[in-house]
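Welcome! Take a moment to look over the sequence and the fold before reading on.

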Amino acid sequence: MWSLWLSSILLVGLYLFKRLSSPLAKVPGPWYTNLTSFCLKYHEFTATRRLFVHRLHKKYGPVVRLAPNEVSFASLDAIREIYASGGSGYDKTEYYDLFRQYGIKTMFSTLEKQEISAYITIEAIATNDVQHSHRKRELADRYAMSNIVRDKHVSAIKERAQAFVSRCAAIEGSVNVYSLLHCYALDGVTNFMFSPGGLKSLDNTKDYEMMEELTYHQSLQKNLLYYYLPRLAPYFPSCLHPRPAPRANAYVLQMAGQQHPEAHSLVARLTRKGSPLSHMQVAAECKDHMAAGIDTTGDALCFLMWELSQPQNLQFQDRLHKELLSTSDDTPLDKMSYLDAVIKEALRCAPPIPMSIPRYVPSGGRTIDGYFIPENTIVSCQPYTVHRFNEEVFPEPDRFNPERWLEEKGFNDRNRLFFAFGTGGRGCTGKNLAMVEMKILLRELYSRFRSSVAPDMTASMDLDDQIISARPKDQICKLNFAVRGDDVDTA
């Protein structure tokens, strides 16, 4: 009996010694985060991790220990080190395994850059870094702005934007734009990927049901169980499995096998002659892009329109309307500075992926923001905090104010800390498509209509964390729309 007690005391003592002598013991943070990850896991399972991490940064500063093997950062130097040029060796964590499609790894869910090169390498290339760049180009070619602004793509997006506006105009009283915006996003991304086989969920009931299948679900806790207990996952009862998406799965499999897709579509690139990808690999990549394209664009537009519709923000809406009226139909989207400012401010306040973006520290460890971080430690920055932490760069960080992006003072600092699409070689591939979709819709809508919060809007629009993204808590956003005159007072 005494030997058991002594053994237990010895083991506890050794564990405490290991923790207290670790370099991470010097990193600021609550004392308990040096001993256990229980508190962090609790906040993950209760969908409050983002706010928990943000509170710790406000209390402890730009570097904070979250758990015995995890550290969060909120500085520009850390972003550059972990994700950009200095962070070429920071691989993704196993967390990204949750985003496999059909059980297959995609570019997003592939952990190591060596894996990425093996996944789609077409020719032997000397180094892993070059191989990774080649892999990225396989998809980035289609997401380049020069491809997205082709007449065929822009016309298709504009037609869907006009369908959205027509739906809003045809409804008397309040309009739940949450569902319609996700239809718009789904139609846009599927047309881009599968043209001529894109969806029409704004008009077609069956396509609308696919949007519902992909959008209205709650799988956060179930996905986390798979992450933390992967060996037990095969034995989980069906009630613990994330909800399947049979309609979307069948649709993507069919579209990935198209015989004659449009030449500049994503599926045409992935299935071109000589491509090493199997049919299932093409489908997995496309399903991943489809799911990401719905949530990010749909939720971002929803939060943006909600902010513009607030009584205290109608001045911003009026100024946007004035800019849109002053430009001709053929004015390039990137020449509208106020439209760009409105979108950037909405993405700053409610980034599509606001939570931590985890990476492993490379072999040998690294010094980040003055602290030595051992190899295999999980490090991350979360956009929600990056966009709020430095109040010299972002004064009144919780206030929606598009005009901050038009000020010359601090221009470079603001743009360097704009982290809505990530940064570096693994930043958001679909950034250009998302921006064009948002700009075209806002141009179509706010050049003709004024939006306001509907009297019967009682749902919560608080950010509700999902497995990696965030959405309005109640998934309802009711707005009213009124036709404008050209002589609106924009003073």
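## A first tour

Let us begin with helix α9 (residues 177-194): its 18 residues reach 25 Å from the first C-alpha to the last, close to the 26 Å expected at 1.5 Å a residue. Please keep in mind throughout that this is a predicted model. Helix α9 is mostly covered, with 18 of its 18 residues buried.

Next comes the sheet. Four strands form an open sheet in the order β1-β2-β7-β4, and their pairing is mixed. At the edges are β1 (63-67) and β4 (359-360), each of which pairs on one side only. Strands of a sheet pair through backbone hydrogen bonds, which may be parallel or antiparallel in arrangement. Here, strands β2 and β7 run parallel and are joined by four bridges.

Helix α4 (residues 76-83) lies across β2, β4 and β7, and runs at about 125 degrees to β7.

| Strand | Residues |
|---|---|
| β2 | residues 70-73 |
| β7 | residues 378-381 |

Finally, which position does UniProt give the feature "binding site"? The unreviewed UniProt entry places that feature at C428. You can find C428 in the loop between α18 (411-416) and α19 (431-446).

Conventions. Residues numbered from 1 in each chain as written. Predicted model: local features only at pLDDT ≥ 70, side-chain atom pairs only at ≥ 80, totals over all residues. Heavy atoms only, no water. Pairing = 2+ DSSP bridges. Helix = DSSP H or I, 4+ residues; strand = E, 2+ residues; numbered from the N terminus. Contact = heavy atoms within 4.5 Å. Axes fitted to C-alpha atoms, helices over the stretch in contact; angles between N-to-C directions. UniProt positions renumbered as here; feature names shortened; annotations may be inferred. Expected span 1.5 Å × (residues − 1). Buried < 20%, exposed > 50% of the residue type's maximum accessible area, 1.4 Å probe, protein only.
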